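User: Please take me through this model feature by feature, giving the general idea of how each one is read and then the case at hand.

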Amino acid sequence: MSEMTPIISFKNFSFQYNAQKRPTLKDINLDIYPGEKILICGASGSGKSTLGNCINGLIPFSYNGKIEGSLTVDGIETKNSSIFELSTRVGTVLQDPDGQFVGLTVGEDIAFALENDCIEQGRMIELTDHAAMQVGIEKHMKKAPYDLSGGQKQRVSMAGVLVDDVKILLFDEPLANLDPATGKGAIELIEKLKKETNTTVVIIEHRIEDALWENVDRILLMADGCIVADKKPQDMLRSPLLNEYGIREPLYLTALKYASADINKVEHIDNIRQLNLEKEEVNSVRDWYLSQQRQQTVNDNNYILETQDLSFAYDGKEYVLNDINVKIRKGEMLSIVGRNGAGKSTFCKLVCGFEKPQKGKVFFKGKDVTDTTIRHRAAHIGYVMQNPNQMISQIQIFDEVAMGIANIGLSKEEIQERVYETLKVCGLYEFRNWPISALSFGQKKRVTIASILVMGPEVIILDEPTAGQDLRHYTEIMEFLKDLNKQGITVIIVTHDMHLMLEYTSRAIVFSNGQMVDDKAGSAVLCDPELVEKAALKETSLFNLATMCGIDDPVSFVDCFIDCDRREREHE
Amino acid sequence: MKNDAVKKVVATGIGAALFFVLARFVAVPSGIPNTNIAFQYGIQSFFAVVYGPVVGCLSGFIGHVLTDMSWGGVWWSWAFGTAVYGLIVGLFAKKINIESGEFGKKALVNFAIANCLANVVAWPIIAAVGDVVIYKEDFKIVVAQLAVAAIADFLCAMVIGGLLLYGYSKTIAKTGSLDKE
Amino acid sequence: MNNRVLNYIPKDSFIHRLSGTTKLIIFLTFSVLCGLSFDTRVLIVLLLLSLLGFRLSKIKLSEIRLMSTFLVIFITFNFILLFLFNPDYGTEMYGTRTVLFHLVGRYYVTAEQMFYQFNVALKYVIGFPIAILFISTTNPSEFAASLSAIGVPYRVSYSVSLALRYIPDIQKDYHEIAQSQEARGVGLGKDVKLVERVKNAVKILLPLVLTSLQRIDTISNSMQLRSFGKNKKRTWYVKKKLTTADYSVIAFCAILFIVGMIVTNQGGSNIYNPFI
Ligand SMILES: Nc1ncnc2c1ncn2[C@@H]1O[C@H](COP(=O)(O)OP(=O)(O)OP(=O)(O)O)[C@@H](O)[C@H]1O
Ligand SMILES: Nc1ncnc2c1ncn2[C@@H]1O[C@H](COP(=O)(O)OP(=O)(O)OP(=O)(O)O)[C@@H](O)[C@H]1O
Ligand SMILES: [Mg+2]
Ligand SMILES: [Mg+2]
């Protein structure tokens, strides 16, 4: 490749946001060649998006800051160019599907760029239809955004940048808040587009196992504003770098390592579908599996939360939930999974009394609480929304947490005591006098959890607590929740992260378009291809590995892995 | 005040949407029989200060007209009142300079002056004249009605808008201030 | 979710087939004329025309019940108020005084007052079918295109489109924020003291506003990345071509407007006075 001239070329490039004291990108040197497919990963705050925004021109034309060195995109020095000139070469798909769906209908949104280029209507419609065809959304041209699923919206965004045949496609965390199957579909679509249009593709994503579902040419690892590694996937996965920089490596790889199989011998280690294991690796995996002892979990029947034939429709006509029957034990930590739009969040809102069911009942400790008010129920069941910014309404952390118990007739001292208590539990005590704006996303998340905990609920429901978080913050939040659970609080987590489900929750409730289709251990769920298909989940690569090694009971193989993984991390 | 053509277009749209939602779907009783607190003016004054006169003016106007339309029948004189209100408050945006991350006494005083002026011009003058020209209504009555409206909106904008601006100012990072410890 | 922000009722009718631009022009002509004229004859003509348009649009009253009830209540309320405030305003206006009957105290029902209030009511009534006609027969997607067609800068027109696009999202945001705050004892009901109510409102509005500001940043980024604001003008995907029907309607509006203004202003004032 190297004889080709690079299409993107950073030379001693640095960038510093005006609001920052230090440069966010430091002395970047990077060449990307036409037709390459690059995966950029790195811890949160390492500068991935910033790098991306340099390529598409948002930096320096939308975010002001100081640039040093040079960056050429398709032969143009970006800082002397304009965002318009760049946007005809670089197509960017951002994370937030609603933020970039600006049209009132699918058609309008895809045509948006063409409208701005003053293309006349006839031609515009041709191009739009063609782009829609490419991403397979052509049947919905007249639909409005709120009639589309997250995945469909994302396809529209892709079509929206494909219309002015760009040379480079840039995706910033395309998988965040998509259900696993849709995410898989997105990755496959990206590959398809790359093949058809022969564009250069840059993907920013820290869920690399999912990103590697289709092959990539290189993986860049970023840390603290620098590119610390730039390797072929195979080499990157074989090196210890990912673990060192807190990026989650593919599960099957970890498993192979536990089984002390020699990963340097394994071919196509970067893609589970092409992975081919030699006899000895297979054996080492099998031996490891047999060497593991598995313990059974005991279940009592002391239910804290039950729902009976719960049915609900926002508009009173189209039911988004039908006859949901769920039983949740005291002290359980369980997950709710399923397709986008399956009704998971709606279910939580019903349980917390935010919405009133058209039919059915909610029981708390055997008492029927269906008709109690939000406020009353909040004392027992807490709900933490996905976006912390939607919950935070105070400037000081203390006030935010105190809000929930402000006017229930406690004295100042009692309030302070309880707030400090909670802040200690949440590891925020030393920040108690900080303004919330000074906190990181993960910390904000904990503040919102604290603001719920302070009301002393026995059940706490979290809607996608780890969406878009890197491994460190993910572990931080989840370990914290695990401790809460140890203290006897029942924790319910709505999530699209299959690994979270396996790693932290004893049981998974599976939703599929408005129905509860199953309820069993996460490992069992992911080893049930039919269910996986139905609920738009994604088989865990451990399942594939188990079958590859001819292990008869993949479920218990997965369990073993999780146990082992837990023990390993507790050693650290 | 944020200077960015496209951002202002978007801010106008979102501002109008907020105005619509608050005016149309959020009815919080004000204590006075069948009149609700006009949160939308709090939000409009906020947008006027953050994004400047044009956004303040247009977001209010669009929001107002859309709201009226959703009921059927646009009340133009009042719609223009809203527009002028946002415009005038916006003219003080530079003085208040919320982007500095400060919303202290001085800024508050400016905000108060802006609101005073804006409400007086918007309701008892613009809207009243409109009503008289269009409906030939009795000037005395109209002014009386609108004076009440002006006072109500003034209070609402000062309290709601003021608190929102204060909250927002606390979230702004000052230039070169962010640093990892 | 509520995707009918303004109650657009898709149908196949003469009015529906007209381009949004034309309907916007009708709407504005009627609004302005109705605003400027106090000439009963003109107003009645406008009323008849707008009712005709209504028939043509095949919109049923049942489809707009909410709005119509609102109008009726409003007009009666306003009618009574006008009378209570100043029962002799009609007299001052028309210069004569024909008492019909006496109620109480200073409250004499005069023909002039009734005629004046009849005109005012007329003005409200006209505004109504026209606005309804416009919003229920025009696809919101056409709004922006139509506005820029009559000379509104496309940046402003697009703001309107953005507003329509994001109203449902923001409504959902508000709803969810309010709920989660209510769970923490932040109420807005009548049971809460006024001062508290206002404080609580801010506790809901601040998160709403801050998330909206973030939204503004993402939206404007993605718009810039798709070259919004690149050129002096822009084309529109949904714009309808003007047909002969459109042109003739527009022409008619022009004539109507001119004639209307002439009739109105003959005799110095825009008031039609049957009493002298
Ligand atoms: N608009 C901005 N103004 C000032 N600082 C910023 C801005 N955007 C990002 N930063 C800072 O730059 C650093 C890198 O941010 P960036 O968004 O590139 O990280 P990232 O790798 O994309 O993280 P994530 O995985 O969470 O998206 C962070 O410390 C962040 O605080
Ligand atoms: N406020 C609302 N008004 C009307 N419909 C809604 C509302 N919120 C959600 N819906 C609809 O209800 C259905 C279920 O939505 P819900 O958010 O519960 O799904 P979900 O499982 O949480 O999806 P995701 O995994 O994407 O969060 C969807 O079809 C959605 O469009
Ligand atoms: Mg990022
Ligand atoms: Mg959800």
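User: Which helix supplies the largest share of the shell around ligand 2?

Analyst: Helix H13 of chain A, residues 344–351, contributes three residues, the largest share of that shell. Helices (H or I, at least four residues) and strands (E, at least two) are DSSP runs, numbered from the N terminus. This is a predicted model, in which local features need pLDDT of at least 70 and side-chain atom pairs count only at pLDDT 80 or more, while totals for chains, interfaces and linings use all residues. Residues are numbered from 1 along each chain as its sequence is written, and chains are lettered from A and ligands numbered from 1 in the order in which they are written.

User: How many residues surround ligand 2, and which are the closest?

Analyst: A residue is near a molecule or strand if its C-beta atom, placed from the backbone, lies within 6 Å of it. Ligand 2 is surrounded by 13 residues, the closest being A:Tyr314, A:Asn340, A:Lys344, A:Ser345 and A:Thr346. Because the surrounding residues come from chains A and C, this site is shared between chains. For the classes, Ala, Val, Leu, Ile, Met, Phe, Trp, Tyr, Cys and Pro count as nonpolar, Asp, Glu, Lys and Arg as charged, and the others, Gly among them, as polar; the shell around ligand 2 then has four nonpolar, seven polar and two charged residues.

User: Which residues are the closest to ligand 1, and which chains surround it?

Analyst: Of the 15 residues that surround ligand 1, the closest are A:Tyr17, A:Ser44, A:Lys48, A:Ser49 and A:Thr50. Chains A and B both supply residues around ligand 1, so the site is shared between chains. Helix H1 of chain A, residues 48–56, gives the largest share of this shell, three residues, and by class the shell has four nonpolar, nine polar and two charged residues.

User: What is the strand order in the open sheet of four strands in chain A?

Analyst: Two strands pair if DSSP finds at least two bridges between them. The order is S12-S11-S14-S15 in chain A, and the pairing is antiparallel. Strand S12 (321–329) and strand S15 (367–368) of chain A are at the edges with a single partner strand each, so one side of each is left without a neighbour in the sheet. Two bridges join strand S14 (residues 359–364) of chain A to S15(A) in the antiparallel sense, with A:Phe364 opposite A:Lys367 in S15(A). H13(A) packs on this sheet, touching strand S11 (303–312), S12 and S14 of chain A, and its direction makes about 115° with that of S11(A); axes are lines fitted to C-alpha atoms, for helices over the stretch in contact, and angles run from 0 to 180 degrees between N-to-C directions. Two residues are in contact if their C-beta atoms, placed from the backbone, lie within 7 Å.

User: How many bridges join S9(A) to strand S10 of chain A?

Analyst: Five bridges join S9(A) to strand S10 (residues 226–231) of chain A, and these strands run antiparallel, with A:Ala223 opposite A:Cys226 in S10(A). Their hairpin has two residues between the strands, and A:Asp224 takes a positive phi near 50° there. Strand S9 (residues 218–223) of chain A also runs parallel to strand S3 (residues 37–42) of chain A, joined to it by five bridges, and A:Ile40 stands opposite A:Leu220 in S9(A).

User: Why does B:Gly167 count as buried?

Analyst: A residue is buried if 20 or more other C-beta atoms lie within 10 Å of its own, exposed if 12 or fewer, and partly exposed in between, with C-beta atoms placed from the backbone. B:Gly167 counts as buried because it has 23 C-beta neighbours inside 10 Å. B:Gly167 lies in helix H7 (residues 139–169) of chain B and, leaving aside neighbours within four places in sequence, is in contact with A:Ile395 and C:Leu206.

User: How many residues of chain C are in contact with chain A?

Analyst: On chain C, 46 residues are in contact with 50 residues of chain A. Helix H7 (140–149), helix H8 (154–182) and helix H9 (194–224) of chain C each supply at least two residues of the side that touches chain A, and that side of chain C divides into 17 nonpolar, 16 polar and 13 charged residues.
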